[in-house]
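The sequence and the model are shown first, and the description follows.

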Amino acid sequence: MENKLTYKEALAEIEQIVSNLENDKLDIDQLSVAVKRVTELIKFCKDKLKETSDEVEKTLQSLDL
């Protein structure tokens, strides 16, 4: 079974990584991995926001019968 990431979970993970960066909790070896992960999470969030916006727009347009 595939574990689906939610927007809320992705945002929480981004916030945790940023907190770790701000508090110098990541060493140089972890930094590259963290930056790549944040990039993936940001893309996921942007895509989710776009998808939700499109769905809302489509729903609102369907009300204008």
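Is Asp47 buried, partly exposed or exposed? With a relative accessible area of 40%, Asp47 counts as partly exposed. The model described here is predicted.

Helix α2 covers residues 28–63. At 1.5 Å a residue, its 36 residues should span 52 Å, and the end C-alpha atoms lie 53 Å apart, which agrees. At the start of this helix, a side-chain oxygen of Asp27 comes to within 3.0 Å of the backbone nitrogen of Asp29.

Ala34, Val38, Leu41 and Cys45 of α2 are buried, and what covers the buried residues of this helix includes α1 (7–22). The largest nonpolar core has 7 residues, namely Ala10, Ile14, Ile17, Ala34, Val38, Leu41 and Cys45. Its largest share, 4 residues, comes from α2. Beyond its neighbours within four places in sequence, Leu41 is in contact with Leu5, Ala10, Glu13, Ile14 and Ile17.

The structure holds 4 salt bridges, including those tabulated below.

| Salt bridge | Closest N and O atoms |
|---|---|
| Glu13 with Arg37 | 2.7 Å |
| Glu40 with Arg37 | 3.4 Å |
| Lys43 with Asp47 | 2.7 Å |

Because Glu13 lies in helix α1 and Arg37 in helix α2, this pair ties together parts that are 24 residues apart in sequence. Glu13, Arg37 and Glu40 are linked in a network of salt bridges. Glu13 is partly exposed at 28% relative accessibility, and Arg37 is partly exposed at 29%. Lys43 and Asp47 are 4 residues apart in helix α2, which means a separation of about one helical turn. Lys43 is exposed, with a relative accessible area of 52%.

Key. Residues numbered from 1 in each chain as written. Predicted model: local features only at pLDDT ≥ 70, side-chain atom pairs only at ≥ 80, totals over all residues. Heavy atoms only, no water. Helix = DSSP H or I, 4+ residues; strand = E, 2+ residues; numbered from the N terminus. Expected span 1.5 Å × (residues − 1). Buried < 20%, exposed > 50% of the residue type's maximum accessible area, 1.4 Å probe, protein only. Contact = heavy atoms within 4.5 Å. Polar contact = N/O pair within 3.5 Å; in protein donor to acceptor, adjacent residues only side chain to side chain. Core = buried A, V, L, I, M, F, W, Y, C linked by side-chain atoms within 4.5 Å. Salt bridge = Lys/Arg side-chain N within 4 Å of Asp/Glu carboxyl O.
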